[in-house]
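Let's take a friendly walk through this fold, strand by strand and helix by helix. Have the viewer open as you read.

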Amino acid sequence: MQSAINTPLQGVNRRANRDRLLELLAIERLDPALTFGRLGEDQVETIVSVALADVTDDPQDTAFVLLECLTLLVRDGQFARMRILANRLRGVAHHAAGRRYYLELGFLSVALMLEGNSVRALNELRRGLDSKTRSAPSSDKTSHPLDLAVSGSIKMAFIDGDISFARRARDLATRMGDGLSVALLDCALIWHEARTAADPLTNLQLADPVFEEPALAAYVQARGIEVLFPSQISAVRNGLTTDQELTISLPTSSGKTLLAEFKVAATLQRYPESTVIYVAPYRLLSRQVARAFSKYLSRLGHSVQDLGSGYEVDSPSRFGNVLVCTPERLDALIRQAANDAQTSNVLARCRLLVFDEMHLIGRAGRGPRFEMLLTRLKMRFPDVRFLALSAASQGVDEVADWLTSGRLVRGGRRPTGTIEVAWRTSGKLVQRVDRQKATEVAELRRSKRPLDDAALLIARLTSEYRPVLAVCTQRAYAESLATKLVDDDPIGNRVWVESLDRGQSDLLEAAVELVGSVLGPRHPLTICLRHGVGFHHAGVPALVLGLIEQLAREKVLRAVAATTTVAEGADLPFRAVVIPHLNFQSASRKLDRDLYLNIIGRAGRVNVSMEGVVFILDSDAQSLRSHISGALWTTAEVGRVRGQLSGISASPSNPDETSWYGEFESQVMGWLGDGDSYYANQASLLAEGTFTYQTGSPSEKRYIESLTEGVLESLEQRGFARAASPYRLTERGERARLTGLNADSVVRLEEALIASHDGWLPSLLGATELSAEQREQVSRMIFESTETMASSLWLRREKKTDGAKAAYLEEYASQHADEHLESDTFWSEVSAMGMWIGGYSYLEIAESMPTFGGSGLFGSAVESSRVSDVAEYVSKIGYPGSWTWSAVQLLSRQIHDLVLPAWISSAVEFGAPTETAVMLMRLGAMSRPGAITLSGQLGSDWQDAADRLVQGDFDTEWLTSVDEGRLETLRMALSEPRD
């Protein structure tokens, strides 16, 4: 803490901490057996505090205390904390060893081993001890036989695995009264023992013989992982990689993704013809998983394919054998399987399905979709094995009972520590201690402006705590905080940027260039990035968000101010997190504990730091005054994960409830067409398979069954199903099922297609570029679904209450509402989406939109704010709009035999008027301006454009360096021969 914010500490009783350390040492001497996970969290924190504190002025005493602390932590399996402490050991080694050359060599090799740099440690030992390569100690160093025996025995233990010489050297040091050498050898011996016990390959082979296969053994060794964490060892020993199902419930940064990778590798080795599907609930997380899996699983010959996040009615032309996608994309694949032989074959060969962030099944919103999707999967593919990953360490027992036959591995403690500090309005910095009480540790004056205080705090944090993540409650706050960091600390920003190495500087310069081309050179994000500061929220285009994540991952940025978009599942190297406000946008209007736990999980990731630091700014507001101590720092266990289907209403009172009911209806249609629903008592059969039913009260069970029966009857009344004992989908129902939309949206689209069949729709046949009129018509069509209308600017602006919004959506669904057609606001957004599809810049679209005043989208007249409004708006409309156009594509083919170009749905999402521009963005990840401009050179037809790309028939002088690099990668991929 003191080093973090350059503020003197108060209230830290170092003598008391050292006394506690002596108690722990005494206990360990009584029972020296290696037992991972024996220490309590408060004991671990005490040991770490003592190890980092300057408890004495004597360097040998300091080294001795540090070695004893390291021995305790290694014995407990606290491997994630080793890197920083090993760094400290290297720092004190020179002074502690004094003139003893070989003792200092022993210190250095042990420190390198502890921080995971075993190759360098072995090289240092060989170079220092080999008679042919070692040099004589310098004149100011001595060569004592005991020291030579100590370093030599360490070499034999680490290189040859022979610890007998180290034990004899320890006995000799004990007889000679050299406590420092004894402590060093104790640490080396326990590390050797712990490393052997936690060796990845050893543990995997003991638990699963398939890892004795040479290919898998080589793959594990190539991963370069020195040790597994205790919770990972527990998962492996409990059958992780065997042909069994398992729920893994571990805190953030505990290595769940690595465990999933081992499971995937073992499954594909055991079943070479099978496929594996990894479902990640967030696009950011799915990108990270696909990137991590591709790096190592490809060495086993596996093809990792990121299927994306959008709902598409057409399958890819080819599949890899490891598929990464969001739940929505998987839902589309399951529906397509009934009509597409290739998709059906891929799903039929699926042996393992990994579902990440499983605890989200207990959240309103997407939770019911996840639950219904998993219910359908269990019924449709009974041979699929599930691996459920959850960051909630408590409350998932019933999830495991439902999904993985009760098989559960739980770990209650993160591998890295978290220091939680509340900054009171009085200026006192209060640290949470022992998870039960709070202790004042420092004082720093606060203003009455939380963002100013947050900026001051971030500026004071030293370089080893960067990049810092600030989690803000809304978009405007994130931008404002980032701007304050730039404006208020110009010297700190200049020092940071100048400290970057050449590679980091080039990356930052390229990012500034790209963001300037997308958002404009005067946009706040472009300006902030020049100074090493970024922000991350819904008003930033997806491509740029990915770039911000890359800059954070490479530690190019000094700080990132973000909304909760970066708190869900992101694995980025933040060591410090700052939370300026407590009044978050949630049902309680406060920062909920589950979100808080997720946010603090961003601090102190494994391989980033030994522990993370979280600063949360307190508030004097009446409703928030005791929120930190009473809600966020409570020691009460997290409640059990509960299914959310009982929260769905057939009479919605707000737009969210309208969306949830429509999604449930769509899932029921999906199940009816999956091929395993033709049984008596269908409502009971489907309801009883859900998580909510199996864990709910008697009244919840009755409600879910009644809700399901009501949906079936409603589908029959509207011609989507027929009551043939059992219910079956009609031809219309089969079409609706494939779209993934709710039934009312399908009815509206069918009517719109009839009206367009003899008009503009046939003009799209074979199109590789959309005219202005076609873009306008496409834009108008996507608002025919209630999914898109629910996100419309008109609904949010014109209907002031949730009840009014829900009522209008109900009228809209039944085709009894046309008020929106009389509004300039509605036609402005239709025009804006037409401009988006046409490739107009964010600024040009912003200038075309009305200014409403007040808060909300397009309330402000400020240019940069309106540009961000456009980015957020097209993101909100682009996803359901693209999904709606995919449905138009399917319905027009099945009803009117019109085969519309498949690229148009992506044009709605990406904002591009030509097939070539869409493919450059989709396949090459090029920026929107770069793709559209290059499309002008290459032509609108992708086949011709791809040929010209391979031949190099184009000019790249005007491309940004990022686009140029990505285009070259795409050219190489297109040049590879296809099977």
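This is a predicted model: local features need pLDDT of at least 70, side-chain atom pairs count only at pLDDT 80 or more; totals for chains, interfaces and linings use all residues.

Two strands count as paired when DSSP finds at least two bridges between them.

**The open sheet**

Strand β5 (residues 350-355) and strand β6 (residues 385-390) pair in the parallel sense, over 4 bridges. Within this pairing, L353 has F386 in β6 as its bridge partner. Both strands belong to an open sheet of 7 strands, with parallel pairing and the order β3-β4-β2-β5-β6-β1-β7. Which strands form the edges of this sheet? They are β3 (304-308) and β7 (408-410), each of which pairs on one side only. On average, and ignoring direction, neighbouring strands of the sheet are turned by 15° against each other. A helix joins the picture here: α17 (residues 341-348) packs on the sheet and touches β2 (275-279), β4 (322-325) and β5. The direction of α17 makes about 80° with that of β5.

**Around strand β13**

| Strand pair | Sense | Bridges |
|---|---|---|
| β5 and β6 | parallel | 4 bridges |

At the residue level, L469 has V560 in β13 as its bridge partner, while V533 stands opposite A559 in β13.

**A helix pair**

Our last stop is the packing of helix α42 (residues 915-924) with helix α45 (residues 961-975), whose axes are 10 Å apart and meet at an angle of about 90°. Angles of 65 to 115 degrees count as roughly perpendicular, so α42 and α45 are roughly perpendicular to each other. Which residues make the contact? From α42 come L920, L923 and G924, and from α45 come R966, L967 and L970. By type, the residues of this contact divide into 4 nonpolar, 1 polar and 1 charged.

Note on methods
Residues are numbered from 1 along each chain as its sequence is written. Side-chain values use heavy atoms; hydrogens and water are left out. Axes are lines fitted to C-alpha atoms, for helices over the stretch in contact, and angles run from 0 to 180 degrees between N-to-C directions. Helices (H or I, at least four residues) and strands (E, at least two) are DSSP runs, numbered from the N terminus. Angles under 35 degrees count as roughly parallel, over 145 as roughly antiparallel, 65 to 115 as roughly perpendicular and the rest as oblique. Contact means heavy atoms within 4.5 Å. Ala, Val, Leu, Ile, Met, Phe, Trp, Tyr, Cys and Pro count as nonpolar, Asp, Glu, Lys and Arg as charged, and the others, Gly among them, as polar.
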